[in-house]
Amino acid sequence: MSQERTLSIIKPDAVSKNVVGQIISMFEAKGLKVVAAKMMQLTQEQAEGFYEVHKERPFFNDLVKFMISGPVLVQVLEGDNAIALNREIMGATNPKEAAPGTIRATFASSIDENAVHGSDAPETAKNEISFFFKDAELCPRTR
């Protein structure tokens, strides 16, 4: 198996529901380890920069508005095949299509307010992690 890191964001809707700990527990229960985390309020510029890949899409402005509507928890998860495992734990983007027991099936209310974000590929993960964290902020598990 391949040790990987992936970015995970617990979005404003999930933070406002006070389920941050439950979501982190779901990641940890499946073997992912938190190696960096910070609560933050994204600025308009940060949200636009992070989601720049979607700039031409019709949902971009609503996505930015949602992501700045409240605090988020940004974290780096590490583990065997962390990217695919994180996406499996999150469930489908549309919570109505998400498998029972996934984060989105459990906590998301709509395709727009879907509780979490996760990187979709190794290069994306690398870029997304560096968007929010310096190398020195990552804390590899030594025990």
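Residue numbers count from 1 along each chain as its sequence is written, and side-chain values rest on heavy atoms, with hydrogens and water left out. Because the model is predicted, local features need a pLDDT of at least 70 and side-chain atom pairs count only at pLDDT 80 or more, whereas totals for chains, interfaces and linings use all residues.

Helix α7 itself spans residues 122-132, and its buried residues (under 20% relative accessible area, with exposed meaning over 50% and partly exposed in between, for a 1.4 Å probe and protein chains only) are A125, E128, I129 and F132. Viewed down the helix axis, these buried residues fall within an arc of 100 degrees, so they line one face of α7; the arc is taken over the directions from the helix axis to the C-beta atoms. On the face of α7 turned away from this buried side, the exposed residues K126 and S130 are found.

The largest nonpolar core, where such a core is a set of buried Ala, Val, Leu, Ile, Met, Phe, Trp, Tyr and Cys residues joined through side-chain atoms within 4.5 Å, comprises 22 residues, and those with the most contacts inside it are I10, I23 and I103. Two or more residues are given to this core by each of α1 (12-16), α2 (20-29), β3, α5 and α6 (103-107), and the largest share, five residues, comes from α2. When neighbours within four places in sequence are set aside, the contacts of I10 are V15, V20, I23, I24, V72, L73, Q75, A115 and V116. Apart from this core lies another, of 21 residues, which has I9, V35, F60 and F133 among its members.

One of the contacts of I10, A115, has a phi near 75 degrees, a positive value in a residue other than glycine. A115 belongs to the loop between α6 and β4 and, at 0% relative accessibility, counts as buried. N81, likewise not a glycine, has a positive phi of about 50 degrees; this residue lies in the loop between β3 and α5 and is partly exposed, with a relative accessible area of 33%.

A search of the whole structure finds two salt bridges, each defined as a side-chain nitrogen of Lys or Arg within 4 Å of a carboxyl oxygen of Asp or Glu. In one of them, the side chains of R5 and E78 meet at 2.8 Å, N to O, and this pair links distant parts of the chain, since R5 is in strand β1 and E78 in strand β3, 73 residues apart. R5 is partly exposed, with a relative accessible area of 27%, whereas E78 is buried at 14%. A salt bridge also joins E137 to K38, with the closest N and O atoms 3.6 Å apart. E137 lies in the segment after α7 and K38 in strand β2, so this pair ties together parts that are 99 residues apart in sequence. E137 counts as partly exposed at 34% relative accessibility, and K38 is partly exposed with a relative accessible area of 25%.

Note on methods
Helix = DSSP H or I, 4+ residues; strand = E, 2+ residues; numbered from the N terminus. Contact = heavy atoms within 4.5 Å.
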